[in-house]
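Have a go at each task before reading the solution under it.

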Amino acid sequence: MSCLALDIRNLEKNYGGPKVVDDLTLSIEPGEIFGLLGPNGAGKSTTINMVAGVTRIGGGTISIFGYDNRRDYRTARRLTGVMHQEIVIDNFFSIERALKIHAGYFGVVDDPAWRNLLIDRLGLRPHLGKVMFKLSGGLKRRFMIAKALVHKPRLLILDEPTAGVDVELRHTLWEFVREINTQGTTILLTTHYLEEAEQMCDRIAIMHHGKLVALEKTTDLTARHGQRHLELTLKEALTVVPDTLAQFSPRLSNDGLALELTLATDSVVGEILDRVRAAGIEVVDVDTRQPHLEDIFLQLTGIGAGNGGENHGA
Amino acid sequence: MAHDVDRLPPFNRWLPFLTLFNKEILRFLRVASQTLITPIITASLYLFVFGATLGDRISVLEGFSYAQFVIPGLILMGVINNSFANTASSLFMSRYLGNVVDLLVTPITPPQFIMAYTLAAMLRGLAVGCAVWAISTVFAGLPWVHPGAAIVMATLASFLFAQFGLIVAIIANDFDALSMYTNFLILPLIYLGGVFYPISILPPLWAKLSHLNPLFYLIDGFRHAILGVGDLSFVVAFGVVAAMATALFSIAALLIGKGYRLRS
């Protein structure tokens with residue numbers, strides 16, 4: 001039997017219309033931080049909801065540490081913790097009571113040491129006695145992270161955990177995620193913040209219209225698909241870029257005072273600068289920009305990263 | 001593979017059920033003014049009207065005061081309304097607010113899910129029924145001819161309406177639909193089911209139509225067990241109620257087992 005933390009094979013789902021997840025196959029090794037990216041409507045949340053058991057599987061299989069999440073759903077769910085994208089709370093209870101209840105739902109006897117660790121690390125201590133509806137949005141998100149972890153899952157799923165949260169929480173969250181990852185918890189996360197994904201994830205999958213369009217190590221993905229850019233600050237504003245630079249897909253900005261050139265993999269910066277000088281352009285400053293995940297995302301999906309794109313409610 | 005399961009905290013297979021059951025009790029206790037006090041006060045007002053004022057002027061059953069006649073119906077009305085309201089409002093609100101996903105991602109089984117909601121609803125319904133009975137002793141004593149049968153009938157009534165509440169919570173699309181079941185179905189069926197009058201005093205056609213009312217069997221069976229007399233034999237009433245409870249339980253189990261309107 002598979003030892004993969006998560007093994008998704010030929011996964012499909014539709015809600016009576018076009019497929020929102022279409023023949024998706026991917027796997028996550030134990031101990032990985034894995035990013036699942038894609039524009040709105042790509043099928044990320046539907047995929048995650050099928051893994052978590054919130055959405056029925058249309059076709060294919062999902063195994064969590066070797067346990068089929070339909071046939072062995074009790075074990076599969078014990079192994080999984082989910083922080084949903086939407087804020088989901090029960091207004092009747094305080095943070096402390098709700099955490100005890102959630103541990104109980106998973107058949108786990110309350111562990112005060114672990115519960116208190118979560119409360120302290122996520123800054124919930126001053127708010128323990130408050131009922132949920134009196135908490136701010138940020139505190140609710142912190143509580144949801146604690147809730148996802150209270151039964152000590154081996155696979156933690158974070159669906160847009162930093163959407164609409166402040167810098168402090170974002171920092172706290174990623175620090176804590178790295179910490180529990182080093183302790184052996186596998187992480188699957190979706191985020192619209194591609195920079196975060198680039199920094200956090202060992203591997204990245206990109207979905208578009210329910211299909212997988214990329215699945216690679218983050219470093220390989222940026223190296224293979226990404227292109228370096230040469231950013232030049234010019235002494236005098238340029239209105240028209242000389243034809244001799246056309247092959248570098250030139251882009252003017254800052255009222256003609258900034259010129260960006262896209263480099264081929266084997267381009268030599270010195271040679272390009274010689275061509276620029278030969279064209280009579282005086283350069284004040286030079287900067288090279290390494291490929292970013294955002295560029296690749298744009299290239300693979302054809303949609304501006306983080307701009308929301310079309311929304312199919314996935 | 002086993003390594004990862006071994007690293008999990010020990011699993012208590014009954015804890016998900018006990019936690020949900022406990023949470024449901026805490027939920028209705030947190031809003032006891034709505035869930036316990038209000039129905040008890042409402043029933044007390046009925047008791048006052050029929051026990052201390054009008055009751056002396058009305059006689060519908062030979063050998064018993066009107067208060068004695070009406071009290072079993074009022075007890076059962078409390079049981080029915082509150083058992084139904086508990087499951088219906090709790091599960092519907094969970095669906096409406098989205099926090100039902102907190103349960104869907106857990107290892108709780110469909111039978112545990114149903115029984116936790118059901119038992120908490122039964123507890124609330126029977127607690128209100130007991131309170132109504134306790135208050136009723138101020139106005140009239142009851143003979144309790146077959147106390148065991150009365151307890152069985154009240155328990156079945158609470159079970160049956162807890163199942164109905166679960167079904168309504170799943171199929172209702174909005175608050176209007178939810179209140180429609182209470183106001184336009186359960187309430188008329190209770191009032192026309194013989195809480196305030198014996199079916200035998202109705203004209204023949206209405207008496208026959210009343211036999212189509214499932215609440216009639218519940219109320220008559222419960223009253224029969226307490227007073228020793230009724231429009232039907234207790235066995236018939238019990239049989240019909242048990243059949244209805246089984247049917248509604250089967251429907252609720254089917255819906256929840258399939259995750260109908262719970263899982264997308």
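**Exercise 1.** Find out which residues of α2(B) are buried, and what they pack against.

*Solution.* Keep in mind that this is a predicted model.
- Step 1: take the cut-off, which is under 20% relative accessible area for a buried residue.
- Step 2: go along the helix. B:Leu15, B:Pro16, B:Phe17, B:Thr19 and B:Leu20 are among the buried residues of α2(B). Further on, B:Lys23, B:Glu24, B:Ile25, B:Leu26, B:Arg27 and B:Phe28 are buried too.
- Step 3: look for their partners. Within chain B, the buried residues of α2(B) pack against α3 (32-53), α4 (66-97), α5 (101-104) and α6 (110-136). They also pack against α3 (95-105) of chain A.
- Step 4: check the span. Helix α2 of chain B covers residues 15-30, 16 residues in total, and reaches 22 Å from first to last C-alpha, close to the 22 Å expected.

**Exercise 2.** Work out how chain B is built and whether its radius of gyration is close to what the globule rule gives.

*Solution.* 
- Step 1: count the elements. Chain B has 11 helices and 0 strands.
- Step 2: compare the radius. For 264 residues the globule rule gives 18 Å, and chain B comes out at 20 Å, so chain B is as compact as a globular protein of that length.
- Step 3: Along the principal axes, the C-alpha atoms of chain B fill roughly 75 × 35 × 35 Å.
- Step 4: see how much is covered. In chain B, 52% of the 264 residues count as buried.

**Exercise 3.** Is B:Thr109 buried or exposed, and which residues is it in contact with beyond its sequence neighbours?

*Solution.* 
- Step 1: locate B:Thr109, which sits in the loop between α5 and α6 of chain B.
- Step 2: its relative accessibility is 14%, so B:Thr109 counts as buried.
- Step 3: set aside neighbours within four places in sequence, and B:Thr109 is in contact with A:Tyr73 and A:Arg74.

**Exercise 4.** Describe the phi angle and the exposure of A:His209 and A:Asn254.

*Solution.* 
- Step 1: A:His209 is in the loop between β9 (203-208) and β10 (211-217) of chain A. Its phi is near 50 degrees, a positive value in a residue other than glycine.
- Step 2: with a relative accessible area of 42%, A:His209 is partly exposed.
- Step 3: A:Asn254 lies in the loop between β12 (251-253) and β13 (258-262) of chain A, and phi of A:Asn254 is near 50 degrees.
- Step 4: A:Asn254 has 54% relative accessibility, so A:Asn254 counts as exposed.

Conventions
Residues numbered from 1 in each chain as written. Chains lettered and ligands numbered in written order. Predicted model: local features only at pLDDT ≥ 70, side-chain atom pairs only at ≥ 80, totals over all residues. Heavy atoms only, no water. Helix = DSSP H or I, 4+ residues; strand = E, 2+ residues; numbered from the N terminus. Rg over C-alpha atoms; globule rule 2.2 N^0.38 Å. Buried < 20%, exposed > 50% of the residue type's maximum accessible area, 1.4 Å probe, protein only. Expected span 1.5 Å × (residues − 1). Contact = heavy atoms within 4.5 Å.
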